[in-house]
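Colleague: I would like to learn how to read a protein model. Could we go through it feature by feature?

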Amino acid sequence: MHKKEFMKMNTQLENKIVIATMYQFVQLDDLTDMKPLLVKMCRENNIKGTILLAQEGLNATIAGPRLAIDKLLAYLYSLPRFKTMKYKESFTDAPPFRRLKIKIKQEIVTMGIPETDPKKLSGKRVDAKQWNKLIKNPDITTIDTRNKYEHEVGTFENAISPETDRFRDFPNFVNTKLDPQKQQRIAMFCTGGIRCEKASNYLLKSGFKEVYHLDGGILKYLETVKKKDSLWHGECFVFDERVALNKDLLPGSYVQCHACRRPLRNSDLKSPLYELGVSCHHCHGKHGAKKIEGLKERQRQYEMINCRKITFNKKGF
């Protein structure tokens with residue numbers, strides 16, 4: 001690549017919003033001290049998204065300007081306990097999050113099994129380049145650890161869906177649908193890798209001897225493996241305003257119901273049960289009157305903000 005082309009590419013990336021995902025399973029005993037520091041740093045640098053803190057570690061998906069994200073990363077990596085933090089980033093033109101949420105939780109990814117500890121035991125990591133060979137093996141059972149609606153948007157060839165609505169239902173799937181004597185070799189995957197850390201721990205403790213998981217998750221696979229070699233079908237659901245990403249890691253063909261957060265195809269928007277910001281065919285009739293009024297008010301506020309932004313941009317001041 002010529003120097004001018006390289007500099008042009010860097011300039012284009014500098015102007016984009018950075019979407020950063022990161023997690024680290026590590027003992028954190030100073031959560032009440034960490035939270036205000038992170039809130040202050042993110043607010044001062046116009047970073048939005050979600051950071052979850054728990055005694056078992058940190059899990060975050062955030063977005064902001066390049067310099068802002070770099071500043072936050074520099075702070076976290078300066079702390080010895082985050083030296084090996086898993087990190088990935090992508091880029092977008094439009095803000096993927098509307099606000100900042102930093103919460104102290106019981107778990108950074110909720111399975112509901114207190115003794116689950118990936119720091120002590122987890123499956124064997126398989127990098128994206130080796131993944132195809134592994135899941136093509138006939139004695140491997142490939143499991144999608146994500147929820148049913150994520151699986152429906154896209155998944156790997158021959159992958160089994162746990163048919164769950166939330167990750168805390170995964171142990172029940174293992175207990176009722178899997179047998180360590182029949183499925184002796186398991187390969188599992190999720191969006192970025194964090195759910196597999198806990199899922200593989202649970203499987204190993206349940207007697208499954210050989211458990212593998214895709215290091216870096218689906219997003220790392222799509223970033224690494226050429227499309228002609230890819231065994232991925234469909235799009236990858238993500239938990240932000242982009243909704244789902246295609247094989248080029250660009251926003252795909254889905255939109256999101258802002259009431260229940262489920263991904264919707266364009267054909268779903270024609271349903272008489274769909275009302276922008278209020279309901280879709282998945283959640284219609286499941287909200288009370290107070291909740292519905294709150295959703296309608298939120299949509300009105302959102303439309304007013306967007307209208308102001310459009311007016312601001314047209315006037316140029």
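Predicted model: local features only at pLDDT ≥ 70, side-chain atom pairs only at ≥ 80, totals over all residues.

Colleague: Next, the aromatic rings. How many aromatic pairs does a search of the whole structure find?

Modeller: The search finds 10 aromatic pairs. To read one, take the distance between ring centres and the angle between ring planes; an angle over 60 degrees counts as edge-to-face. The rings of Phe156 and Phe189 have centres 4.8 Å apart and planes at 85 degrees, so this pair is edge-to-face.

Colleague: Where do phenylalanine 156 and phenylalanine 189 lie?

Modeller: Phe156 is in strand S8 (residues 154-156) and Phe189 is in strand S9 (residues 185-189), so the pair ties together parts that are 33 residues apart in sequence. Under 20% relative accessible area means buried. Phe156 has 2% relative accessibility, so it counts as buried, and Phe189 is buried as well, with a relative accessible area of 0%.

Colleague: Which pair is tilted, at 45 degrees between the planes?

Modeller: That is the pair of Phe170 and Phe173, at 5.7 Å centre to centre. These two phenylalanines are 3 residues apart in helix H6 (residues 170-177), so about one helical turn separates them. Phe170 is buried at 0% relative accessibility, and Phe173 is buried at 7%.

Colleague: Which residues do ring pairs link into a cluster?

Modeller: The cluster holds Trp131, Phe156, Phe189, Tyr221 and Trp232.

Colleague: Now the nonpolar cores. Which residues touch the most other members in the largest nonpolar core?

Modeller: In soluble globular proteins, nonpolar side chains tend to be buried together. The largest core here has 26 residues, and Met22, Ile51, Leu58 and Phe82 touch the most other members. S1, helix H2 (31-44), S2, S3 and helix H3 (66-78) each give two or more residues to this core. The largest share, 6 residues, comes from H2. Apart from this core lies another, of 23 residues, including Phe25, Val109, Phe173 and Leu178.

Colleague: What does isoleucine 51 touch, not counting residues up to four places away in sequence?

Modeller: Ile51 touches Leu38, Cys42, Leu58, Asn59, Ala60, Ile62, Lys101, Ile102 and Lys103.

Colleague: Could you read isoleucine 135 as another case? Is isoleucine 135 buried or exposed?

Modeller: Ile135 has a relative accessible area of 11%, so it is buried. It sits in helix H4 (residues 128-136). Leaving out residues up to four places away in sequence, Ile135 touches Ile140, Thr142, Phe156, Ala187 and Leu231.

Colleague: How do I read a residue such as histidine 233?

Modeller: Start with its place, which is strand S11 (residues 232-234). At 42% relative accessibility, His233 counts as partly exposed. His233 and Gly154 are 79 residues apart in sequence and 5.5 Å apart in space, C-alpha to C-alpha. Beyond its neighbours within four places in sequence, His233 is in contact with Gly154, Thr155 and Glu157.

Colleague: Last, backbone angles. What is the phi of asparagine 158?

Modeller: Most residues other than glycine have a negative phi. Asn158 has a positive phi of about 65 degrees although it is not a glycine. Asn158 is found in the loop between S8 and H6, and it is exposed, with a relative accessible area of 74%. Glu163 is found in the loop between S8 and H6 too, and its phi is also positive, near 60 degrees.

Terms used:
Residues numbered from 1 in each chain as written. Heavy atoms only, no water. Phe/Tyr/Trp six-rings, centres within 6.5 Å; stacked < 30°, edge-to-face > 60°. Helix = DSSP H or I, 4+ residues; strand = E, 2+ residues; numbered from the N terminus. Buried < 20%, exposed > 50% of the residue type's maximum accessible area, 1.4 Å probe, protein only. Core = buried A, V, L, I, M, F, W, Y, C linked by side-chain atoms within 4.5 Å. Contact = heavy atoms within 4.5 Å.
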